Amino acid sequence: MTNNFEEFQKFGKEQLDATTTVAASLAKGFQTIAAEATDYSKKTLENNSAYVEKILGAKSLDNAIQIQSEYAKTAYEGFVAQATKIGELYTSLAKEAFKPLESAMAKVQAAAASAPK
């Protein structure tokens, strides 16, 4: 009976450790994502300001259309690159967050398989 209690305590401690590790991974991952989003927002604001300056300085309609086309292309490419990067960060976050849980589940499954029936 004491042995079962000690095993239960050990299991509880392992689960708490796994939960703590997951929480730390999530916090770090969300901080990274927030920092990346902030950087992208700043860069986008700077690009928009530069675009407005260029479009206001356009000498002709053709020049304004060219500036607009270049801006649209650059903005689209920047958005796609950022979306890809954020997606990769979320994927990495999920993988890191579930590693301790996968380990804990493997231990539970091993213990259940080796338990006397």
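In this predicted model, Gln82 is placed in helix 2, which spans residues 61–114. Gln82 has a relative accessible area of 9% and is therefore buried, since the cut-off for that class is under 20%. Beyond its neighbours within four places in sequence, Gln82 is in contact with Glu36, Ala37 and Tyr40.

Helix 1 runs over residues 2–56 and includes Ala34. The relative accessibility of Ala34 is 41%, so this residue counts as partly exposed. Ala34 and Ile86 are 52 residues apart along the chain. Their C-alpha atoms are separated by 9.6 Å.

Aromatic pairing was also examined. One aromatic pair is present in the structure. It is formed by Tyr51 and Tyr71, with a centre-to-centre distance of 4.1 Å and an angle of 20° between the planes. Tyr51 belongs to helix 1 and Tyr71 to helix 2. The two residues are 20 apart in the chain, and their pair links distant parts of it.

The two partners fall into separate accessibility classes. Tyr51 is buried, at 18% relative accessibility. Tyr71, at 24%, is partly exposed.

How values were computed
Residues are numbered from 1 along each chain as its sequence is written. This is a predicted model: local features need pLDDT of at least 70, side-chain atom pairs count only at pLDDT 80 or more; totals for chains, interfaces and linings use all residues. Side-chain values use heavy atoms; hydrogens and water are left out. Helices (H or I, at least four residues) and strands (E, at least two) are DSSP runs, numbered from the N terminus. Buried means under 20% relative accessible area, exposed over 50%, partly exposed in between (1.4 Å probe, protein chains only). Contact means heavy atoms within 4.5 Å. Rings of Phe, Tyr and Trp (its six-membered ring) pair if their centres lie within 6.5 Å; planes under 30 degrees apart count as stacked, over 60 as edge-to-face and the rest as tilted.
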